[in-house]
Amino acid sequence: MVLSLNVPAAELTRAEQKILDYINTNPDGFLFSSIGQLAQRLEISDATVSRFARHAGCADFKALKGMVMEQASGPAAKIAGTLSQDGAFSPAAWLERQRLYLEKTAQQLRPEEFDRGVESLISARRIFLHGKNASCSLAQMLAFRLRRLGLPVVLLPSGGSELLEGLVQAGQGDLVVMFSFSKLSREGRIILEHGKDAGYQTMAFVSRTIIPARERTDISLFVYRGEEKEYHSLTAPAAMVDALVVAVSDRLGQRGTESLETLHQMKKKYFPEKG
C-alpha cells in the first residue's frame, strides 16, 4: 500500500520516513504492533513514533492505526479493524458481537422470501451448491444436511473449467444455490448468465441490501457479517443455513424423517461399531 498523508514527504524527518516506509511495505505488521514494538523494530524511540502520528495529522498512535486501516485492504486489516473496536480480544465480547450480527440478520429477514427458498429446495429436481473460499464450508454443510433429508444435492467445483463441467448438468427444474456476500464473483456471474439459457432457478446468500438488477438471483437471503473494514464472520450465514435445513425438515414431514431413519438403520447394519 501507499499511505496517503496530509503532509508532503519532503517534510518528514529521516526517522519519520523510516516509519512511513515500514507502513507502506508491511502494513499488516504495523497494524499488529504496539508503539513499543514498532519503535524497537525500527530502532527509534516511542516519542518519535508519537511525533510521526501527530505530524501525519493524527491525535495519537491509535488514530494512526485507524488511518492505516482505512487505507489498507485484505484479511489482516479487517481483523485489526475488529480488534481495535474491542481492545484486547475477549471471547465473551466476540460472542456478544455475534449476537448483534444475528439480531441484524433477523431484522432484515423477509419471511416470504425465506419460505420461497424452503419451497424451492424441496421442489427442485436437483440442488446445485456453489461456495468459494470460506463459503466452501457453508456449501459443504448445507449439502451434508440436505442429503440426510434425502434431497438430491450436487456440490459444484469452486472455479475454473471444472465449474462449467458441473454447471452444464443443471437445467429446467433445478436450483443453483450460491454464497455471494460482499460482491458477485466471476463464478457467480457465470452461474447467473448460464441460468438464462439453461432455465434453472437461482438462490443466493447475500450481505448487501441493495443489489443491481443484473446481479440478482431469483431468491435472496440476507445475512449480516460485519462492516466492510471488519473481520467477516460466518456466524449468521451458518445460522441461516441451519434455519433453512430445519424448515425444510419440518416441511418434508414424514418424508424427511423416513430418510433419516433409513440412514440410521444403514449405519447400524454396515458400521455397527459406531452405533
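This is a predicted model: local features need pLDDT of at least 70, side-chain atom pairs count only at pLDDT 80 or more; totals for chains, interfaces and linings use all residues.
Modeller: Residues are numbered from 1 along each chain as its sequence is written, and side-chain values use heavy atoms, with hydrogens and water left out.

Colleague: What makes up the chain in helices and strands?

Modeller: The chain has 13 helices and 5 strands. Both are DSSP runs, numbered from the N terminus: helices are H or I with at least four residues, strands are E with at least two.

Colleague: Why is the chain called more spread out than a compact globule?

Modeller: The globule rule is 2.2 Å times the number of residues to the power 0.38, and the radius of gyration is taken over C-alpha atoms. For 275 residues the rule gives 19 Å; the chain has 24 Å, well over that, so it is called more spread out. Its C-alpha atoms fill a box of roughly 75 × 45 × 35 Å along the principal axes.

Colleague: Why is Glu 43 called exposed?

Modeller: Exposed means over 50% relative accessible area, buried under 20%, and partly exposed in between (1.4 Å probe, protein chains only). Glu 43 has 70% relative accessibility, so it counts as exposed. Glu 43 lies in the loop between α3 (35–42) and α4 (46–55). Its phi is near 60°, a positive value in a residue other than glycine.

Colleague: Why does Asn 133 count as exposed?

Modeller: Its relative accessible area is 65%, so Asn 133 is exposed. Asn 133 sits in the loop between β1 (127–130) and α9 (135–148). Its phi, near 55°, is positive in a residue other than glycine.

Colleague: How much of the chain is buried?

Modeller: Buried residues make up 42% of the 275 residues.

Colleague: What makes a space a cavity?

Modeller: On a 1 Å grid over the protein atoms alone, a cavity is a set of points where a 1.4 Å probe fits but cannot get out. The count comes to 1 cavity of 30 Å³ or more. About 40 Å³ of space lies in the largest cavity.

Colleague: Which residues line the largest cavity?

Modeller: Lining residues have an atom within 4 Å of a point. Among them are Met 178, Leu 184, Arg 208, Glu 215 and Ser 220.

Terms used:
On a 1 Å grid over the protein atoms alone, a cavity is a set of points where a 1.4 Å probe fits but cannot get out, and a pocket is an open set with protein on both sides within 12 Å along at least five of seven lines; lining residues have an atom within 4 Å of a point. Grid points are joined across faces, edges and corners, and a volume is the space filled by probe spheres set on the points.
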